[in-house]
Amino acid sequence: MGAVQHSGADARLDEARRRVEADTRRRRRQLLAPTLIVIGVFGLFPLTITLIYSFLSPGVYGGVTWEFSTDAYVQFLFERDIFDDTLSFSGTYLSIYGRSIGLAFGATVGALLIGFPTAYFIASKPPSQRNFWLFLITLPFWTNLLIRTYAVLLIIRDEGIVNLSLQSIGLIDQPLTILYTDFAVFLGLIYSYLPFMVLPLYASLEKLDFRLVEAAYDLYATRFQVLRHVIVPMAKPGIVAGCILVFIPGLGAYITPELLGGGKELMIGNLIALQFGGSRNWPFGSAAALILMVVVMMSLIVYVRYAGKEGNSHG
Amino acid sequence: MAQDTADMSGKSAKNMILAEGVTKTFGEGDSKVHALDDVSISIRENEFFTLLGPSGCGKTTLLRLIAGFELPTKGNILLDGQEIGHLPPYKRPVNTVFQNYALFPHMTVARNIGFGLEMQGRSKSEIKQAIEKMLALVQMEHLANRQTDQLSGGQQQRVALARALAPHPKVLLLDEPLSALDLKLRKEMQIELKRLQSETGITFVFVTHDQEEALTMSDRIAVMKAGHILQVGRPKQIYNQPARRFVADFIGDINIFEVDLDEVSGTTGRVTLPGGATLPADLPEADVPAGAVSVAIRPENMRLADARDSAAKLKGTVTNVVYFGAGSNVHVALKGGSEVIVRTTGEVLDDGHEVGLILPDRVQVLVD
């Protein structure tokens, strides 16, 4: 009899617990609502339009005509012969993607190599001074990216500070052609996105327990070994975040390659912009944008899975 | 002054660490701090040596100088006859157990223990063997593949010990390693540390502010204060024959009497207590000038007696009795006004009881 009473109480307790859990779930959903609305209206909706447009035909004066076509995707890989309409493989656009990925990857590595010592330097300062250095890092954000890119342009052009000072100390006779090369784009990308690398790296390194570095020194690790076996693994979350934050915007960069690359060697961003402007091929522009997105998502999945494998062991 | 009497523990008398005139200052100008001031010390091979003192006395700085985390401002440090004062930590055959353990959180227990050997470039099989041996030594075999943050404080302590012992250093430095543990675990680890030291035969240099810990574990103790070493000796010496007032005061309960010293001859003399009674006295150094000095008497070295007992050289009144299980501390107000503590395991007296105090045969004179 006691057991029966007991199970009755248990059932009521379970019932109450279920109700509380349902309440909690509902409240959590409500908290999520603003984000869902923003993502829906400004993210999914435009993306759907892009997806639809990529399967339509281009209008003569821009825009689209409502005729289904997969031409945009075909055009990405093949060239249509103007006379007999046969398709032949063309690597033009693939090479633009390849170049863009190469440049963005290079800029990411460059930003990591410059950003890591910077972040370590800031993290090793006394806490009272760190804000000052962080302030210096974020200072460029106070100016528009366009203006900053023009500033880089002025510095590296043939008559710019770099060339003039190199000439004046007699290191070179002729100005080095930096502007309107891949190297200029590479420099510009590093410069533009360096803070996105430094800040997450700093956030990781700031939490690094310096006593662990001492412990490693004590256990016969040289400076390089300490870096490799203790500091870098501990900073891994920051390295992953920084690389993602530099690589993705770098891949889709528009202003930097336009101004510093002279627009003659295209990056993906310029290719897409061109389709909505001069080329008046909105479906192809949409397709190019979607392909970029798929590339980014796939590389992210691969990267996070790879980086996460060792990062996970942080527990 | 720091008396260093002949070793009677039967252990090797070879010096493992020799510090000569080591000074360490931090900061510049007005804010300059002498963490260590002209410290000389010798630590023998296979010895459990403790640096004991209050916080800020320089004991941790001395440890960090031996480890190589700090470089001496002046002076030499020799390890096994070789000058190491200016070598970086990774070139010294010395390992440290840190106060907070400083285990690598991104590595398993086993990899933590093998880290030192891995950095030395030892072979995989050698590392694996050493890890197994160390895990067995600290009884952690079952946790080899755990992450370190899944361990309790005591287990982390054992891993830290195993990690520091695995490369078989010449000296193991321990920086207050037990301070984060609760009392029961601390007692266990004290015995454990002692066992590890005798099993491995490695010289241990242990830093603590806990005098009981120091007395329990050490072969020898150096008592430090304000960047100086005041006294070095075996636990019994430090406890029974403190040379300095600070040492006497810092370690255990003690009664200090202001007395007159005369008949000085070498390291002995005779003191006159306030009541007029005289006692033979041991001096901490030869030829202490006669006159006003302090002597120290431990509470357990005095006995309560009847007030009329002729052997009782001091008389007073019981003011308080503090019971602590194994005995009682009886507070006695002397006729002169000062108060002393006498430890007794015998009958418990009432407050206000008139008592006599029987003093030890000899007393220890202190210098400041």
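**View 1. The exposed face of helix H3 of chain B.** Turned away from the buried side of H3(B), this face carries the exposed residues B:Ser125, B:Glu126 and B:Ala136. The model is predicted; local features need pLDDT of at least 70, side-chain atom pairs count only at pLDDT 80 or more, and totals for chains, interfaces and linings use all residues. Residues are numbered from 1 along each chain as its sequence is written, while chains are lettered from A and ligands numbered from 1 in the order in which they are written. Helices (H or I, at least four residues) and strands (E, at least two) are DSSP runs, numbered from the N terminus.

**View 2. The buried side of H3(B).** B:Ile127, B:Ala130, B:Ile131, B:Met134 and B:Leu135 are the buried residues of H3(B). They lie on the same side of H3(B), because they cover an arc of only 135° around the axis. That arc is taken from the directions from the helix axis to the C-beta atoms. What covers these residues includes H2 and helix H4 (153-165) of chain B.

**View 3. H3(B) from end to end.** The helix runs over residues 124-137. Its 14 residues should span 20 Å at 1.5 Å a residue, and the end C-alpha atoms are 20 Å apart, which agrees. The expected span is 1.5 Å times one less than the number of residues. B:Gln139 follows H3(B), and its phi is positive, near 55°.

**View 4. Around B:Val295.** B:Val295 touches B:Phe257, B:Val259, B:Val271, B:Ala281, B:Val363, B:Gln364, B:Val365 and B:Leu366, not counting residues up to four places away in sequence. Contact means C-beta atoms, placed from the backbone, within 7 Å.

**View 5. Where chain B touches chain A.** Here 20 residues of chain B are in contact with 17 residues of chain A. On the chain B side, strand E6 (94-97) and helix H2 (109-119) are the elements that give two or more residues. H2(B) gives the most, with 3 residues. The predictor gives the complex an ipTM of 0.81 and a pTM of 0.79.

**View 6. Confidence along chain B.** Chain B averages a pLDDT of 88, and 97% of the residues score at least 70. Over residues 1-10 of chain B the pLDDT is below 50. This score is the predictor's confidence in each residue, from 0 to 100.

Notes:
Contact = placed C-beta atoms within 7 Å. Buried ≥ 20, exposed ≤ 12 C-beta atoms within 10 Å, placed from the backbone.
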